[in-house]
Each structure stands twice: as structure tokens, then as C-alpha cells.
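Work through the exercises below with the sequence and the structure side by side, and try each task before you read its solution.

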Amino acid sequence: MNHTIPSRDALSKVPAVTFGFWLIKIAATTLGETAGDWVSMSLKLGYLVGSAIFAVLFVAFVTGQIKSGRFNAWLYWPTIIATTTLGTTMADFADRSLGLGYPGGVAIISALLALSLLTWHRVEGDVSVASVTRPRTEWFYWITILFSQTLGTALGDWVAGEDSGGLGLGYENGALVFGAGLVAVCGLALWSRVSRTLLFWAAFILTRPLGATLGDLLDKPVADGGLNMSRLYASLILVAFILACVALIPQRPAKASDAV
């Protein structure tokens with residue numbers, strides 16, 4: 001099968017991976033947890049209806065991304081938020097409404113993520129962010145992003161929660177666990193020859209449960225180890241923070257020479 005490999009100067013439709021990228025990503029995943037819980041739990045719409053609402057937003061934003069001729073941070077980050085809110089409600093629906101429990105949900109979503117990456121690699125020959133230059137590749141990218149966000153939610157709940165087969169470590173300890181995982185990935189990126197693409201996807205997955213545990217820390221009751229902040233207020237604060245970051249932090253499209 002012939003694959004079209006982007007030149008070293010080809011510009012991707014997604015941002016280069018920088019410190020600012022990860023800062024906004026963690027804030028976006030935290031927002032995904034608080035906003036997803038606000039719609040499904042605070043508004044009492046349920047996980048299925050919440051997933052349907054966010055699925056419509058996901059398709060709309062991805063379609064906008066694909067129609068856009070170039071990288072646009074003001075379009076990219078709302079699309080990321082759409083994937084993380086949908087990932088939250090999808091994971092909760094699988095774990096709780098379908099009764100799969102956290103271990104079952106993690107296993108199924110892990111398989112879907114692996115299938116997405118393998119299919120993308122088989123069809124396109126590359127799963128790096130620099131390869132996201134064509135519509136078909138963009139769909140692979142965003143579906144993989146969605147599954148990684150969903151897996152991250154399930155992992156965060158599995159580690160922190162006590163119900164549905166959870167490990168019961170609590171939100172603070174859960175955040176420490178996933179934070180330590182990210183530190184390990186950073187160490188490998190700095191001092192090893194492990195594939196940077198592999199490390200990117202590992203970090204992308206780990207930032208989601210970190211955001212999930214931080215989100216739960218903000219809005220869960222004090223008795224459950226949280227700060228009991230209103231989900232709506234927490235979400236609005238996070239939206240303001242993300243808007244400020246997108247406005248103030250320079251971002252550029254990734255290119256093949258970035259080697260990620």
C-alpha cells in the first residue's frame with residue numbers, strides 16, 4: 001500500500017506539541033469532567049442523553065476542523081473540549097449505566113483505542129500529529145483522540161473511585177499517580193530513544209485521567225474527598241482560563257520536522 005508522507009515543511013492541522021499545548025490540554029480535560037458531569041448529573045439528563053448532546057457537538061466541530069484550510073487554535077481547542085466532554089459521558093455510561101464497572105470499561109475502551117491506532121497506521125502509515133494534513137487523516141486523529149479521552153476518564157475513575165470495582169485511592173492520590181506517570185513519560189522523552197509518537201499518545205492518555213481526578217477534586221462532596229465546588233462555576237472558571245491561555249500562549253501548526 002502506498003502512503004503519502006508529508007514533507008518536512010508540510011503544516012499540520014493540529015498544533016505543535018509544546019508546554020503550552022499540555023497546559024491547555026490538562027485544563028480542557030478538567031473542564032471535560034466538570035462540564036460532562038454538569039450536563040449528565042447536575043441537569044439530570046443522564047449519561048445517554050449527555051453523550052448524544054456531546055456527540056452532536058463533536059461531529060460539528062470535527063467537520064468544521066476538516067473544512068478549515070489551516071490550523072486555527074480557536075477551532076481546535078473547542079473540538080478538544082468536545083472530545084473530552086463526550087469521553088466523560090461515554091465512559092460513565094459504559095461503566096455505570098451498562099454495568100460494565102471500571103475494569104470492564106477500561107478493557108473495552110483500551111481495545112477500541114488500540115484498534116483505532118492500528119487502523120490509522122495501517123491505512124496512513126503514520127500516527128504522528130505532523131501527519132494530520134488531509135481529511136481522512138483528520139478523522140483518524142479525532143476518533144483516536146475521542147477514544148483516548150474516554151479511556152482517560154475510565155482510568156481516572158477506576159483509580160480514584162471505590163464503587164464499580166474501583167481501586168479507591170481517592171482523587172488526590174489519583175492525581176499524584178497520573179502526575180507521576182507524566183513525569184516518567186517526560187523523562188523518557190528527554191533521556192531515551194523511545195518513539196516520540198508513542199510517548200505523545202501515552203502522555204495524551206495520561207493527561208485525561210489527571211484532568212478527570214482534578215475535576216472530581218473540584219466538584220465532588222467534601223465527604224467524598226472533593227472541594228464541593230459547583231460544577232457550573234468550576235466549568236466557567238476553567239473556560240475563562242482556557243480562553244486566556246489560547247489568547248496569550250503562542251501556538252503554531254505542527255510540521256514533519258517536529259518528529260512527534
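**Exercise 1: a helix and its surroundings**

In this predicted model, helix H1 covers residues 19–42, which makes 24 residues, and it reaches 33 Å from its first C-alpha to its last, close to the 34 Å expected at 1.5 Å a residue. Decide how far H1 is enclosed by the rest of the structure.

Solution. A residue counts as buried when its relative accessible area is under 20%. In H1, 18 of the 24 residues are buried, so the helix is largely enclosed by the rest of the structure. If you then follow the chain just past H1, you come to Lys44, which takes a positive phi of about 60 degrees.

**Exercise 2: the surroundings of Asp92**

Locate Asp92, state whether it is buried or exposed, and list what it touches.

Solution. Begin with the location, which is helix H3 (residues 73–97). Asp92 has a relative accessible area of 1% and is therefore buried. Leaving aside residues up to four places away in sequence, its contacts are Asp37, Tyr47, Ser97, Thr153 and Asp157. Asp92 also meets Arg96 in a salt bridge, at 3.6 Å from N to O, and because these two are 4 residues apart in helix H3, about one helical turn separates them.

**Exercise 3: a nonpolar patch**

Which residues form a nonpolar patch on the surface, and how much accessible area do they have together?

Solution. The patch is formed by Leu43, Leu45, Val49, Ile53 and Leu57, which together have about 370 Å² of accessible area. To examine one member, take Leu57, which is found in helix H2 (residues 46–67). Its relative accessibility is 37%, so Leu57 counts as partly exposed.

Terms used
Residues are numbered from 1 along each chain as its sequence is written. This is a predicted model: local features need pLDDT of at least 70, side-chain atom pairs count only at pLDDT 80 or more; totals for chains, interfaces and linings use all residues. Side-chain values use heavy atoms; hydrogens and water are left out. Patches are made of residues with over 30% relative accessible area and no salt bridge: like charges are joined within 9 Å, nonpolar side chains (Val, Leu, Ile, Met, Phe, Trp, Tyr) within 5 Å. Accessible areas come from the Shrake-Rupley method with a 1.4 Å probe; for residues, only the protein chains shown count as cover. A salt bridge is a side-chain nitrogen of Lys or Arg within 4 Å of a carboxyl oxygen of Asp or Glu. Buried means under 20% relative accessible area, exposed over 50%, partly exposed in between (1.4 Å probe, protein chains only). The expected span of a helix is 1.5 Å times one less than its number of residues. Contact means heavy atoms within 4.5 Å.
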